[in-house]
Structures are given as C-alpha cells and as structure tokens.
Amino acid sequence: MASESPSSHLLFGPRARTSLHAPYEFRMRFGPTPRGARLARRLVAVRLDEWGFPHDGDTARAACLLVAELAANAVVHGRVPGRDFAVRVALSSPPSRPTLRVEVTDPRGESRPPTAPAAPDPTDESGRGLLLVAALADRWGVREREPGPAPGKTVWAELDLR
C-alpha cells in the first residue's frame, strides 16, 4: 500500500472517500498571479479526483474550466497588490439535486462582471471567459464577499450532477 506524504495532508487533508450523501468542501487562498490561478485549477482537479470525479470525466473537466476562468478573472480584473484570491469548491447533495459549486473571491468588490456577458469582437484576443462560464454552468452569479474585515466579491458557478 502506497503511503501519502505528510505534506499532502497539509494541502488536501486526509484522502476523502466519495459519497454523494455527505458534503465535501475544498477552500484555499492563492497569490494573485497567473501561477496562482494555475495552481488553483490543478489542486481542484486533484481534490475532485479524490472525491470520485476522474480528471478525464465531464464533471471534473467542466469544474476545472470554471475554476480556471474565474481564477484568471480574479487575477486580471480583481487583483489588489498584496491581497490573495480564494477558491472554494463544495459538493452538496440535497435529495433532489446533487450540486458542485465553485466560488472565487477577490478583493475588488467595485469591479463586478456583467451578468449577461456580450460576445466579443471576433478579432479580440480575450473576453470569452464568462461566456464559457455561462455555457458550462447550470447557474452562475456574483455576490458581495461574506462579511469580514475587507471588501470584495465572490463569483460563483454551479453544476448539477446528473
């Protein structure tokens, strides 16, 4: 039996056993850099695999793309020097509809994304991230950051697990 390194428990906690009858949650803060956004996506992929959603499965692919897009937006549009962004992924299973929720919180509460993103000009090199989020997620939105010592916003997206 292969043993896990002690540091893996610091990042991920004990290896999770998958059951859609119990809630699971992953949350972590990341530096507001492209490297931080990449790390967020990779760590979420590892956690989803531990929860029973393999890397090459539709749910993990969609969730990782949501994390990648929302984290990239936090780095580009929500960055405040010296302030991290946070990622939270939660698996809940109410009797009627198991749901995977992705949240990315950044410190720029005044910089809110449009709730109905418009298609960019075909020659634009950016501006498609929220269109991907809207296409992949069953629901998505923006809310003020949870009450605390600092301002900010949380962009969230949900996937219904079928």
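Start with helices α2 and α3, whose crossing is right-handed (the near helix is turned clockwise from the far one by less than a right angle). Helices here are DSSP runs of H or I, at least four residues, and strands are runs of E, at least two, numbered from the N terminus. Select α3 at residues 58–77: α2 packs against α3 at about 160 degrees, with the axes 9 Å apart (lines fitted to C-alpha atoms over the stretch in contact, angles running from 0 to 180 degrees between N-to-C directions). The pair is therefore roughly antiparallel, the label for angles over 145 degrees. Now show the side chains in contact (heavy atoms within 4.5 Å): among them are A37, V44 and L48 of α2 and A60, V67 and V75 of α3.

This is a predicted model: local features need pLDDT of at least 70, side-chain atom pairs pLDDT 80 or more, while totals for chains, interfaces and linings use all residues. Residues are numbered from 1 along each chain as its sequence is written, and side-chain values use heavy atoms, without hydrogens and water.

Next, colour the sheet: five strands, open, antiparallel, in the order β1-β2-β3-β5-β4 (pairing takes at least two DSSP bridges). β1 (24–30) and β4 (139–144) are the edges, each with a single partner, so one side of each has no neighbour in the sheet. From strand to strand the twist averages 15 degrees. Helix α2 (34–50) packs on this sheet, touching β1, β2 and β3.

Last stop: R88, in strand β2.

Terms used:
Angles under 35 degrees count as roughly parallel, over 145 as roughly antiparallel, 65 to 115 as roughly perpendicular and the rest as oblique.
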